[in-house]
Amino acid sequence: MSAETKTTCPYCGVGCGVIASIDDHGKVSVKGDPDHPSNYGRLCSKGSALAETIDLDGRLLYPEVGGERASWDDALDLVANHFSETVAAHGPDSVAFYVSGQLLTEDYYLANKLMKGFIGSANIDTNSRLCMSSSVAGHRRAFGSDTVPGTYEDIELADLVILTGSNLAWCHPVLYQRLAAAKAERPGMKVVVIDPRRTVTSDIADLHLAIRPDGDVALFTGLLARLAQSSAIDQNFIATHTEGFSDVFAEASALSFSDLLDKTGLPAMQLREFFRLFETTEKVVTCYSQGVNQSSSGTDKVNAILNCHLATGRIGRPGMGPFSLTGQPNAMGGREVGGLANMLAAHMAIENADDRDRVQRFWKSPVIAERPGLKAVDMFRAVADGRVKALWIMATNPVVSMPDADTVEAAIKACPFVVVSDVLRQTDTTRHADVLLPSIGWAEKDGTVTNSERRISRQRSFLPSPGEAKPDWWQMAEVGRRMGFTEAFSFRSPAGIFAEHAALSSFENNGSRDFDIGACAQIAAEDYETLSPFQWPQAAGAAAQTTRFFAKGGFFHADGKARFVAVKMPVSDRTSAEFPFTLNTGRIRDQWHTMTRTGKSARLSSHIAEPFAEIHPRDAIEIGVSDASLIKIESPQGKVIVRALVTERQARGSLFVPMHWNDSFAAKARIDTVVAPVTDPFSGQPASKNVAVAARPFKASHYGFAVSTAKPQHLEAAYWALAKANGGWRMELAFDDPVEDWAEWCRTTFDIPPDVEPLGYADQTSGDLRLAFFDGDRLIAALFLARQPVAVARNWAIAQLSASHGNMRKRFALVAGRPGANTPDPGATVCSCFGVGVNQIVGAVRNGCHSVEAVGKALNAGTNCGSCRAEIRGIIDGCLATAAE
Ligand SMILES: Nc1nc2c(c(=O)[nH]1)N[C@H]1C(S)=C(S)[C@@H](COP(=O)(O)OP(=O)(O)OC[C@H]3O[C@@H](n4cnc5c(=O)[nH]c(N)nc54)[C@H](O)[C@@H]3O)O[C@H]1N2
Ligand SMILES: Nc1nc2c(c(=O)[nH]1)N[C@H]1C(S)=C(S)[C@@H](COP(=O)(O)OP(=O)(O)OC[C@H]3O[C@@H](n4cnc5c(=O)[nH]c(N)nc54)[C@H](O)[C@@H]3O)O[C@H]1N2
Ligand code: SF4
Ligand SMILES: [Mo]
């Protein structure tokens with residue numbers, strides 16, 4: 001017997017339904033929910049590994065004040081009093097909340113209510129500022145509301161799918177799988193990927209446009225000019241449902257073709273092909289994500305895309321429309337509750353006096369914020385210069401994820417009063433908290449999230465709350481009550497909060513606002529428990545259905561019309577002689593943001609186990625780095641040291657570094673310490689994908705690789721990157737100066753008992769050194785050292801942590817540092833579900849498996865979550881191409 005709970009994945013905005021089961025021994029397992037309309041049973045590698053990330057290791061279980069355990073009462077009184085006193089002494093704008101698209105709607109709703117309606121400031125901003133705010137601003141300019149018009153089904157129904165600034169295969173993997181399946185079924189469907197890098201996503205593309213960084217405004221402006229002169233233009237839609245076409249068209253026409261070539265960096269043939277495809281295909285969906293949003297021209301990029309869909313009337317009909325892909329599980333829910341500093345609740349506008357009055361009457365609140373509050377980058381500036389004196393950070397890790405991260409860290413450190421609510425005790429941000437509040441996490445918490453297609457799903461708890469950890473909404477409500485707002489924060493459960501949120505959405509709405517879930521305004525606790533996923537809008541009295549917006553106009557500007565928005569050609573090249581490279585940052589398949597959860601899974605950590613910079617082979621030669629050596633990347637803001645990954649997928653003159661690594665997992669790889677705090681003028685979203693940097697080789701005297709059963713507490717090395725591995729930990733190392741006594745270094749680092757002697761091997765000519773420490777027949781730790789990047793087979797070395805080393809021969813094989821003849825090295829992990837390595841896949845291809853399916857049959861690789869299928873296809877293609885040469 002096992003208990004099953006239907007819930008929702010806490011990672012990306014696809015919002016997959018998950019069924020969690022607990023067996024008789026308390027073991028949790030997860031599988032995709034076959035009935036959930038987002039994923040129909042599928043899960044990606046991160047979703048499939050959820051059960052591996054919910055242990056209590058490292059969890060924050062009790063409130064702490066000044067680093068000491070405290071009672072909830074004391075901690076909450078302190079927070080409430082401190083916020084009240086600060087507001088009384090310095091005014092409402094002297095305090096701020098910095099929250100997150102990973103909060104549930106109910107948590108988020110209360111945070112926004114407390115700040116905007118009761119404290120009376122709009123100083124609540126969220127990590128969605130770094131994520132979706134350019135889309136929000138673009139939507140509002142064009143549509144008069146922050147509306148995503150389409151549904152996932154449109155991506156399957158389209159004849160042309162454009163993915164711009166989106167690495168869908170890695171960042172929205174289940175949506176990618178739905179796209180790939182649709183394309184396999186209807187091979188006539190075309191996919192265009194627009195991305196300066198050739199990502200794994202581009203492997204599915206009929207056309208990959210390796211656009212120059214920030215060339216998107218020019219590309220879609222050029223497209224608009226071309227469409228306007230073709231039969232694709234929908235004069236009727238333009239005349240009936242829009243304003244401003246002629247001015248925007250005139251400006252678009254002024255862009256010459258040579259300018260277009262220059263600004264996009266694309267070959268004329270490719271440009272023409274892209275224009276032709278768009279012009280001649282009615283059913284076109286344009287999906288976009290951070291390559292669009294995270295830019296100093298992010299809002300203009302969004303509007304340049306929307307202009308093309310409006311001009312052709314391809315919006316809100318099956319298989320047609322612009323599609324902003326949300327990143328976080330509840331990025332969309334955060335927008336519904338008005339979590340951004342420049343929004344009000346339920347898609348109302350803070351600038352609009354009627355809206356402010358309406359929200360205030362609904363809340364029966366003493367005040368209402370009169371003007372937009374500070375956006376994330378400005379908020380931390382205000383923390384730094386003392387304008388903000390009390391800050392509450394909830395469900396986000398800004399010391400890692402904010403641009404100019406060292407300055408942000410210094411600001412937090414200097415702030416007189418910092419509250420952090422998190423699930424973990426030690427993150428780069430919690431280390432600076434005056435008050436630490438333990439939150440319950442996924443598996444424990446209850447509420448709702450809204451995905452990219454406006455679908456609201458329940459997250460349900462299936463594990464008890466550990467220690468004294470409490471829901472985020474409860475913490476907000478307690479502080480609200482203790483600040484004196486008893487009535488307005490008297491909630492006892494998330495169901496009541498959701499009902500109020502729904503009631504506000506329909507309050508004096510009557511079709512004037514897109515967001516209306518009035519159907520849930522009276523929802524009873526038991527109906528909330530069993531709530532099935534549904535898309536908004538869902539007004540009271542209507543039946544649940546698939547929803548789309550704007551096919552027949554009905555925009556939310558006062559005149560009901562959409563606006564064509566004039567866009568500016570941005571400065572796209574920020575490089576200089578001193579900082580000649582463009583740094584682009586983003587995500588990898590198996591890590592989530594700052595790794596606080598995915599970093600717990602050995603399986604997920606085996607895909608890519610250390611921070612890296614992708615660099616083009618010719619650039620690598622020019623600056624003198626070779627594959628697998630280390631590279632130092634520097635800007636005026638800061639520097640990092642990461643592994644060089646030399647690849648032609650990277651365009652010349654640019655580097656790509658993942659955003660995930662932080663001080664808990666690497667010596668110096670917080671890439672946001674390098675990112676300049678440049679923002680979009682409309683949305684305030686940081687330009688995290690176009691940063692001028694210098695890159696140089698990092699000269700190491702020794703490189704190392706080590707495995708250990710226990711987590712090393714302190715690593716003394718110029719470069720280190722730590723990752724969870726089966727049976728213990730693995731780490732990559734580099735030293736700028738030789739260590740005098742390596743055995744001693746191991747003893748301190750790995751806490752080796754004094755009576756344990758190392759087993760060693762040293763090669764004087766090459767400088768190679770191997771040291772291993774055993775406790776009986778078990779390996780405690782092993783270090784492999786060389787003057788070049790260490791060539792030992794990683795997976796084999798890791799396997800030694802779980803192996804028995806009963807005889808001397810086995811122990812010597814370990815210090816010899818190579819797999820035995822009968823245990824070949826599987827190579828770097830490709831399929832994390834089944835732990836299949838690249839060498840095994842190459843072997844299968846050599847044995848005649850020439851398709852992803854055949855490899856799957858032989859090795860199981862790619863047959864569970866499917867996230868690695870694109871990579872397997874790449875390996876097969878690579879092998880076959882080499883064989884054909
Ligand atoms: N595995 C994994 N999945 C995730 C997340 C995660 O942490 N890990 N996070 C989630 C979140 S919160 C988000 S926001 C999404 C983000 O999802 P994505 O936006 O798909 O991911 P990114 O890797 O940030 O960036 C996408 C691509 O934009 C490209 N790009 C850079 N500059 C430009 C440009 O000027 N023009 C164009 N057209 N493209 C450009 C980059 O090369 C990159 O490949 O992912 C979600 N899913
Ligand atoms: N250079 C660069 N920087 C970026 C980006 C980029 O592409 N490049 N992307 C940006 C984007 S799109 C995003 S979304 C951000 C993400 O950046 P962050 O939001 O900073 O990243 P996370 O690691 O998701 O942080 C979530 C924190 O909340 C904690 N947590 C998890 N669950 C809960 C919960 O239920 N309650 C509470 N209270 N805490 C919880 C986690 O332990 C973790 O500390 O990064 C942004 N920064
Ligand atoms: S695609 Fe993966 S990470 Fe995203 S919601 Fe689905 S299972 Fe979770
Ligand atoms: Mo995001």
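A: Buried area is the accessible area, for a 1.4 Å probe, that two parts lose on being put together, summed over both. The model is predicted, so that local features need pLDDT of at least 70 and side-chain atom pairs count only at pLDDT 80 or more, while totals for chains, interfaces and linings use all residues. Residues are numbered from 1 along each chain as its sequence is written, chains are lettered from A and ligands numbered from 1 in the order in which they are written, and side-chain values use heavy atoms, without hydrogens and water.

Between domain 4 and domain 5, about 1400 Å² is buried, and carbon and sulfur atoms carry 60% of it. On the domain 4 side, the residues that lose the most area to domain 5 are A609, F665 and A667, which together account for 30% of what that side buries. The centres of the two domains, taken over C-alpha atoms, are separated by 27 Å. Domain 4 contributes 19 residues to the contact and domain 5 contributes 15 residues, contact meaning heavy atoms within 4.5 Å.

These two domains belong to a longer series, with bounds from an automatic or database domain assignment. Domain 4 spans 581–697 and domain 5 spans 702–816. The assignment also gives domain 1 (3–53), domain 2 (64–130 + 330–535), domain 3 (133–324) and domain 6 (829–884).

Two backbone features elsewhere in the chain complete the picture. W536 and P537 are joined by a cis peptide bond, with omega of about 5°. P537 lies in the loop between β19 (534–535) and β20 (562–563); strands (E, at least two residues) and helices (H or I, at least four residues) are DSSP runs numbered from the N terminus. A346, although not a glycine, has a positive phi of about 55°, and its place is the loop between α15 (331–336) and α16 (353–363). Most residues other than glycine have a negative phi, and most peptide bonds are trans.
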